[in-house]
Amino acid sequence: MPESEEDAQTIRAVAERLVKTHPHLDIDLVRGSVQTAYEELRYARVRTYLPVLMERRAKDLLSSEEPGEHPA
């Protein structure tokens with residue numbers, strides 16, 4: 001759950017960007033990855049880079065969900 005409206009807007013914006021870059025993935029999976037990234041980073045003292053860090057972490061989470069991304 002976002003702590004503030006600003007955090008909620010950040011979560012939506014990051015999710016929208018990732019949905020556009022990963023249209024083949026389920027939208028709920030993308031949103032869940034962004035929410036997980038937010039939960040991991042929500043207590044960061046410096047919040048300037050929170051959107052960038054959230055997007056990177058969510059991409060990492062999503063790449064582990066994509067078939068064929070990792071060699072067996």
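A: Happy to! One term to start: contact means heavy atoms within 4.5 Å. Helices (H or I, at least four residues) and strands (E, at least two) are DSSP runs, numbered from the N terminus. This is a predicted model, where local features need pLDDT of at least 70, side-chain atom pairs count only at pLDDT 80 or more, and totals for chains, interfaces and linings use all residues. Residues are numbered from 1 along each chain as its sequence is written, and side-chain values use heavy atoms, leaving out hydrogens and water.

Q: Which residues of α1 are buried?
A: Asp-7, Ala-8, Thr-10, Ile-11, Val-14, Ala-15 and Leu-18 are. Buried means under 20% relative accessible area, exposed over 50%, partly exposed in between (1.4 Å probe, protein chains only).

Q: Where do they sit around the axis?
A: They cover an arc of only 160°, so they lie on the same side of α1. That arc is taken from the directions from the helix axis to the C-beta atoms.

Q: What covers them?
A: The cover includes α2 and α3. On the other side of α1, Glu-6 and Lys-20 are exposed.

Q: New topic: where is Thr-36?
A: Thr-36 is in helix α2, residues 27-41. Thr-36 is partly exposed, at a relative accessible area of 35%.
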